[in-house]
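Please look through the structure shown below, chain by chain, before reading on.

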Amino acid sequence: MTPSLLYAFAGAALCGIGLFGFIVISHLLRKLLAFNLMGSGVFLVLVGLAQHRSGPDPVPQALVLTGIVVAIAATALAVVLIRRYFHLSGKTALEDPARDTLPHQGPREVREAPRE
Amino acid sequence: MAEWLLDVLLVIALLVTAGSVLWSRDLFRAVVFFIAFGLLMALAWVRLHAPDVALAEAAIGAGLTGVLLLDAARHLSNGKSGGDDNKEEPS
Amino acid sequence: MKRILTLLPATAVCLAFVSGLAYSIWQIAITTTSVDLPGLLGENLDQSGVENPVTAVLLNFRSYDTLLEIGVLVIAGIAGISVARTSSLEDPELRTSDTLLYALQRWLIPLMLLLAGYLLWAGSDRPGGAFQAGAVLAASGVLMRLGGIPMDFLRPGIMLRLGLSLGFAVFLLVAVTSALHGGEFLAYPPELAKTLIVVIETVLTLSIAMVLLALFVSAPVNNAEEPEEGGSG
């Protein structure tokens with residue numbers, strides 16, 4: 001057991017926390033935060049696991065560096081989409097499909113039609 | 001021994017901050033916890049001998065993500081009253 | 001009660017996921033591998049043209065990843081811009097007239113630009129490089145934007161398109177040229193490696209900062225601005 005392996009296990013725990021939040025929380029911005037936590041966990045697993053035997057390893061570090069920049073770009077794009085969604089629908093959570101389609105199917109169709 | 005203590009404390013702090021991001025009461029607080037989480041991640045990268053990643057994480061996790069998410073959080077909670085009105089109208 | 005019932009399966013799924021993940025990490029950790037990647041990298045480092053191993057991996061040994069990464073960034077930037085309405089850039093409501101922010105800006109922006117330049121240059125033999133420099137550059141751009149400094153190059157137009165695609169285009173050009181001259185795709189000639197890496201890193205920095213800044217600016221800002229859309233929602 002080396003410190004690197006400790007960080008790898010912490011990354012696994014972070015993945016779990018992030019996954020739980022991603023499933024349970026309905027607010028979209030918090031879902032995005034949970035998704036980012038999951039991503040950080042994956043990065044920790046990648047680097048920690050690769051380094052626990054042979055010391056510092058630049059290859060996974062470079063991959064993680066690429067991953068961080070892609071993650072911030074994806075987060076920014078997600079924020080743009082969430083704000084657009086909020087702007088158009090006034091909601092901060094996705095609609096519940098089970099509640100929405102069954103009783104309201106008829107009126108919903110009528111309401112959607114003129115907007116298109 | 002002291003290094004082990006540092007690592008264990010850092011890991012515990014990471015997990016606690018991650019939990020606080022998800023279960024704090026208001027959105028603003030969650031975003032602030034997320035910024036703190038980014039800074040702790042930068043420390044973890046330093047502990048993992050990855051200074052390049054630590055630099056990137058500090059610049060991105062604390063600077064850019066913070067501004068982006070704080071702006072979004074303010075916007076989403078500001079418009080909440082107006083948004084609820086919109087939700088009431090069709091039904 | 002209902003909430004607890006819905007939480008229970010999610011908790012079970014996450015616990016199973018974490019324990020499976022921890023078990024496989026432990027399994028991978030106790031098996032020995034014969035591949036010595038850091039050793040292999042150390043032996044070939046002097047061929048790469050730079051002294052920082054992470055930069056060598058990013059821009060020489062695994063530059064294919066970096067090429068695709070900047071491609072992904074450009075696509076994300078284009079997607080963000082196409083959803084956005086940049087007309088709100090000139091909205092006076094957005095400009096913060098905060099004296100503290102102005103003072104801070106006057107001190108911080110030159111320092112941040114200098115830091116970005118240093119990080120870019122340091123990338124060849126010390127921690128630093130295009131990604132960190134791009135992030136700092138984008139952060140200083142965000143600060144300028146918050147203070148209401150007009151940045152016309154962010155409006156849809158030739159400057160924005162050029163800035164977004166510059167990094168990817170130059171990177172691709174280098175890759176194709178080296179392939180045409182008889183080498184492999186993306187294999188730099190050894191005597192030019194350092195120059196090429198510095199050139200690519202510079203344009204990558206500009207493009208990364210541009211993508212992040214464009215995504216930040218393109219967040220649709222205010223409800224009152226577009227009554228025709230707000231009314232229908």
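Predicted model: local features only at pLDDT ≥ 70, side-chain atom pairs only at ≥ 80, totals over all residues.

**Helices, interfaces and charged pairs**

Residues are numbered from 1 along each chain as its sequence is written, chains are lettered from A and ligands numbered from 1 in the order in which they are written, and side-chain values use heavy atoms, with hydrogens and water left out.

For chain B, the unreviewed UniProt entry gives the annotation "transmembrane region" to residues 6–23, 30–48 and 54–73. In the model, residues 6–23 of chain B are 100% helix and 0% strand, with end C-alpha atoms 26 Å apart, while residues 30–48 of chain B are 95% helix and 0% strand, with end C-alpha atoms 26 Å apart.

How do chains A and B meet, and how many residues of each take part in the contact? Chain B brings 45 residues and chain A brings 44, where contact means heavy atoms within 4.5 Å. The size of an interface is often given as the accessible area lost when the parts come together. Between chain B and chain A the buried area is about 3900 Å², and carbon and sulfur atoms give 80% of it; buried area is the accessible area, taken with a 1.4 Å probe, that two parts lose on being put together, summed over both. B:Leu22, B:Leu48 and B:Leu76 supply 17% of the area that chain B buries against chain A, more than any other three residues.

Side chains of opposite charge can pair when their charged atoms come close. Between chain B and chain A there is 1 salt bridge, which is a side-chain nitrogen of Lys or Arg within 4 Å of a carboxyl oxygen of Asp or Glu. The partners are B:Asp71 and A:Arg83, with N and O 3.2 Å apart. On the side of chain B that touches chain A, two or more residues come from each of α1 (2–23), α2 (27–47), α3 (51–78) and α4 (80–88) of chain B, and α3(B) gives the most, with 14 residues.

Chain C also touches chain B, in a contact that takes 20 residues from chain C and 12 residues from chain B. These two chains bury about 1200 Å² between them, 69% of it on carbon and sulfur atoms, and C:Pro127, C:Gln132 and C:Phe216 supply 35% of the area that chain C buries against chain B, more than any other three residues. The count of salt bridges between chain C and chain B is 0.

Chain C itself has 9 helices and 0 strands. Of its 233 residues, 43% count as buried, that is, under 20% relative accessible area, with exposed meaning over 50% and partly exposed in between (1.4 Å probe, protein chains only). One residue of helix α8 of chain C is C:Ser207, which counts as buried because its relative accessibility is 0%. The side chain of C:Ser207 reaches the backbone oxygen of C:Gly163 at 2.9 Å.

Over all chains, the structure holds 7 salt bridges. In one of them, B:Asp7 pairs with B:Arg47, with the closest N and O atoms 2.9 Å apart. B:Asp7 lies in helix α1 of chain B and B:Arg47 in helix α2 of chain B, so the pair ties together parts that are 40 residues apart in sequence. B:Asp7 is buried, at 0% relative accessibility, whereas B:Arg47 is partly exposed, with a relative accessible area of 25%.

Key: UniProt positions renumbered as here; feature names shortened; annotations may be inferred. Helix = DSSP H or I, 4+ residues; strand = E, 2+ residues; numbered from the N terminus. Polar contact = N/O pair within 3.5 Å; in protein donor to acceptor, adjacent residues only side chain to side chain.
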